[in-house]
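The tour below goes from one selection to the next.

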Amino acid sequence: MTDTRRRVKLYALNADRQWDDRGTGHVSSNYVERLKGISLLVRAEADGSLLLESKIQPDTAYQKQQDTLIVWSEGDNFDLALSFQEKVGCDEIWEKICQVQGKDPSVEITQDIVEESEDERFDDMSDSAPPIELPPCELSRLEEISELIASCLSSPLRKEKLAAAIENENYIRKLLNLFHMCEDLENAEGLHYLYEVFKNIFLLNKNALFEVMFGDDTIFDVVGCLEYDPSLPAPKRHRQYLKTCSKFKEVIPMSNPELLAKIHQTYRVQYIQDVVLPTPSVFEDNMLSTLSSFIFFNKVEIVNLIQEDEKFLSDLFSQLTDESTLDSKRRDLVLFLKEYCNFSQNLQPQGKETFYKTLSSLGILPALEITLSSEDIPTKTASIDILTYIVEFSPSVVREYTLQQTSSSDEELILLNVIIEQMICDTDPELGRAVQLMGILRILIDPENMLASINKTEKTDFLNYFYKHSIHLLIAPLLANTVDSQPAKDDYQTVQLLGLILELLSFCVEHHTYNIKNCILSKDLLRRILVLMRSSHTFLVLCALRFMRKIIALKDEFYNRYIVKGNLFSPVVDAFLRNNGRYNLLDSAILEMFEYIKLEDIKTLCSHVVESYGK
């Protein structure tokens, strides 16, 4: 059995201050002749390749966080982190690092970090600068405490010493006891000082302090301190919101107490970052990087803990697809799934692939066929968001599933057709959901992202499937509205939908040369689309014109003969005459199309235009 104690994930901090997953492997500490010293080595779990070879330098500051994380800087602006599967493995490597540097393993950071100028470094490291002594934690000393903490923020070394002093003296809990006294006494001045104190403690950017502040027994008091902003006329009510207004819904019972605690903690810390803390200045933004990292690692851990609980996810999907499930319950299940997918965006590509494979194997796509068609708007909207996450990461998963449905007798239940049906039937006046679904459809039918597929026939098979089973649904509203020489309906919502359909069809003309040609010629589609040139909505007229322009750009003789035979320039010329020489976008677009035909010397069309409209 593989030793899991030393199993780690290696992370590196990128230029956007986000942690990149560099791989999973096993860590060891050995003497490396080439580096002339004890080094940390991480070998990949998959193939044994070397992911990390890092000499333990005597002056590098290593930091232990959350019992299973070791973080350090490798050279300038290159931060690394080892996330251990087990605490005992983290402790073993930490002891080795401390042994090399001659430190006591009970410390959480092995060195003072110095990042200032030579003068400041000399001042800070001189014998006359002993460790920072915090004033006694008393009401009468709050102003002094606040000033001391604020004065340390400009010097990295003083920040380190201050953080160490706060941690060693259990100062945060002492400050929170003062907070209770100030609230009981309604001491506004003291509460204002405590606001400044805790705001500045956040800017110390220390994980060890965050772990104390974000404990179950302290986090609400910390939020309470941050309610008393002296610049506001009245205190905020963040604790009231967190305790009474925000409700935690356990859609499926969670048996893992560690998971539950992590979810509660992450929600509250995210709330502190997004709502409670004042918006950081450009300078302060980097000072809160550890807070962002704290949330990042929490979210990754939540995703992994849920993924490992097979019973939880299988129960969720069985309830989601069960016909007897109440609509309100199904809505909660889908909203949970959406939030879960949102958290997964923090995973690296390899982790995301495992994540979506797990969801696929549990039947997320058949479940979405049901929830996309729900009458409940929040359920439908969340389902579209989930499908967007899946398609943006791996459209091939959805294509493969769709092709497996070919044996299904009911075309309406095919996922691809459900997407089109929901797009066409969107009741939102602004067609917000239809726009999102059109984006999904566009990714699915884009041959550009089919090229790298392992299955070489994916492009041919899927496009054949789309044109055989789905295109008729997509063009149905268009055909229904263009039976006569005038559009049957010209209300805003109808023309918005037709505009979306035309955008997709224009995309098809550009990228699906063969399949769309058969559809256009057999359904006389261009003639029907040009009926929309008589719409009172100029943007729809331009959409119809753009579709024709895409066809002409192909310089395909089949299309050219089709246009000539059907006299299809007539609606365009009519629209040009109706525009009556007004200098606008429509006028320019029509002139540009004829100019293109002339410049490209498309003889069939040139002759036809001159003979028919040259007088």
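## Two packed helices

Select Lys299, Ile302, Val303, Ile306 and Gln307 in H12, which meet Phe336, Tyr340 and Phe343 in H14. By class, this contact of H12 with H14 has six nonpolar residues, one polar and one charged. Bear in mind that the model is predicted.

Now show both helices as cartoons. Two packed helices are described by the angle between their axes and the distance between the axes. Helix H12 covers residues 289-308, and its axis lies 9 Å from that of H14, at an angle of about 125°. The crossing of H12 past H14 is left-handed.

Move on to Gln348, in the loop between helix H14 (327-343) and helix H15 (349-361). Is Gln348 buried or exposed? Its relative accessible area is 15%, and buried means under 20%, so Gln348 is buried. Select Trp19, Asp20 and Asp21 as well: Gln348 is in contact with these residues, leaving aside its neighbours within four places in sequence.

## Two loop residues with positive phi

Select Glu186, in the loop between helix H5 (171-185) and helix H6 (188-202). Glu186 is not a glycine, yet its phi is positive, at about 55°. The relative accessibility of Glu186 is 68%, so it counts as exposed.

Finish at Leu431, in the loop between helix H19 (415-424) and helix H20 (432-444). Leu431 also is a residue other than glycine with a positive phi, near 55°. With a relative accessible area of 3%, Leu431 is buried.

How values were computed. Residues numbered from 1 in each chain as written. Predicted model: local features only at pLDDT ≥ 70, side-chain atom pairs only at ≥ 80, totals over all residues. Heavy atoms only, no water. Helix = DSSP H or I, 4+ residues; strand = E, 2+ residues; numbered from the N terminus. Buried < 20%, exposed > 50% of the residue type's maximum accessible area, 1.4 Å probe, protein only. Contact = heavy atoms within 4.5 Å. Axes fitted to C-alpha atoms, helices over the stretch in contact; angles between N-to-C directions. Left-handed = near helix turned anticlockwise from the far one by under 90°. Nonpolar A, V, L, I, M, F, W, Y, C, P; charged D, E, K, R; others polar.
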